[in-house]
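Have the model open and follow along.

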Amino acid sequence: LLSVWKPPAMNSARVVEQSTQTLKDDPNNADALFVRGRAHLALDQAARAIEDLHRALELRPDDDKFLFQRGVAYLHLDELSAAIEDFTAAIEVKPHGNPEIYFHRGMAFSDIDEEQQAVKDFSRAIELRPSEWQYYFHRALSYTVLLQQQRAVRDYTRALELNPRSYDAYCSRALLFRDQGHFQRALDDYTAAIEIDNTLAIAFVGRGNVYRKMDDAQRAMSDLDRAIEIDPC
């Protein structure tokens, strides 16, 4: 469920070539280093991206875009402390700037089980960009870990208002409804997820388990059999 942003890979190899040529003529061109670093990240070359972004930051140490991008590269390498450090530095430079910085730092905090801090960062991202469904979705995940189910349900609901095609949000909310004993609501959410993607094994498993709790053995077996057909493993 965790999706770390990176720039699109289209023509990234060409961007690397062009930026490299620029740097041959002007090795201290911080913008060219930044552009090449982004391109390396798009090509799943996070270590190379960090090298370029580190050099760019030596030339321009207070550039929030450079700090954010290096933080994203550190996330790709699961170097979470380094990522948080860069995101924090970027926020200090421009605290009312890019909400993606707060969002990515929130995900990093969540990965180290600092869910309270993650909620704070997701909330700040929402303040800056209230129309982004993923911010609500990830805050809901953190609320779930913190056992704040009602808040989680509200955030999943808002995420679905903004993106009705998110089967992840439907399945996540369905699980909370099931745990709260709201079996029909859980069934409705799992069914909605299946209508979006009828190859979603986890939704059939979830719905089958709800049917089992409702003592509907026939429908439970049907859904669980369908899940096995989709994913025999």
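Are α12 and α13 roughly parallel or roughly antiparallel to each other? Keep in mind that this is a predicted model. The axes of α12 and helix α13 (residues 217–230) cross at roughly 160° and come within 8 Å. Angles over 145 degrees count as roughly antiparallel, and α12 and α13 are therefore roughly antiparallel to each other. The crossing itself is left-handed.

If you want to see who touches whom, look on the α12 side for Ala 201, Phe 204, Val 205, Arg 207, Gly 208, Asn 209, Tyr 211 and Arg 212. Their partners in α13 are Arg 219, Ala 220, Asp 223, Leu 224, Arg 226, Ala 227 and Ile 230. Sorted by class, this α12 and α13 contact comes to 8 nonpolar, 2 polar and 5 charged residues.

| Helix pair | Angle | Axis distance |
|---|---|---|
| α6 (residues 99–111) and α8 (residues 133–145) | about 25° | 11 Å |
| α6 and α7 (residues 115–128) | about 165° | 8 Å |

Take α7 to begin with. At that angle, α6 and α7 are roughly antiparallel to each other, and their crossing is left-handed. Among the α6 residues that meet α7 are Tyr 102, Phe 103, Met 107 and Phe 109; the α7 side includes Ala 118, Phe 122, Ala 125 and Leu 128. The contact of α6 with α7 holds 9 nonpolar, 3 polar and 4 charged residues.

What about α8? Here α6 and α8 are roughly parallel to each other, and the crossing is again described as left-handed. From α6, the contact uses Pro 99, Glu 100, Phe 103, Met 107 and Ser 110, while α8 brings Gln 134, Tyr 135, His 138 and Ser 142. By class, the α6 and α8 contact has 4 nonpolar, 4 polar and 1 charged residues.

Last stop, the pocket. How much space lies in the largest pocket? The figure is about 200 Å³. Its lining has 12 residues, and those that lie nearest the centre are Cys 171, Ser 172, Leu 175, Tyr 190 and Ile 202. Both α10 (167–179) and α12 (201–213) supply at least two residues of that lining, with α10 giving the most, 5 residues. In terms of class, the lining of the largest pocket splits into 7 nonpolar, 3 polar and 2 charged residues.

Definitions and conventions: Residues are numbered from 1 along each chain as its sequence is written. This is a predicted model: local features need pLDDT of at least 70, side-chain atom pairs count only at pLDDT 80 or more; totals for chains, interfaces and linings use all residues. Side-chain values use heavy atoms; hydrogens and water are left out. On a 1 Å grid over the protein atoms alone, a cavity is a set of points where a 1.4 Å probe fits but cannot get out, and a pocket is an open set with protein on both sides within 12 Å along at least five of seven lines; lining residues have an atom within 4 Å of a point. Grid points are joined across faces, edges and corners, and a volume is the space filled by probe spheres set on the points. Helices (H or I, at least four residues) and strands (E, at least two) are DSSP runs, numbered from the N terminus. Ala, Val, Leu, Ile, Met, Phe, Trp, Tyr, Cys and Pro count as nonpolar, Asp, Glu, Lys and Arg as charged, and the others, Gly among them, as polar. Axes are lines fitted to C-alpha atoms, for helices over the stretch in contact, and angles run from 0 to 180 degrees between N-to-C directions. Angles under 35 degrees count as roughly parallel, over 145 as roughly antiparallel, 65 to 115 as roughly perpendicular and the rest as oblique. A crossing is left-handed if the near helix is turned anticlockwise from the far one by less than a right angle, and right-handed if clockwise. Contact means heavy atoms within 4.5 Å.
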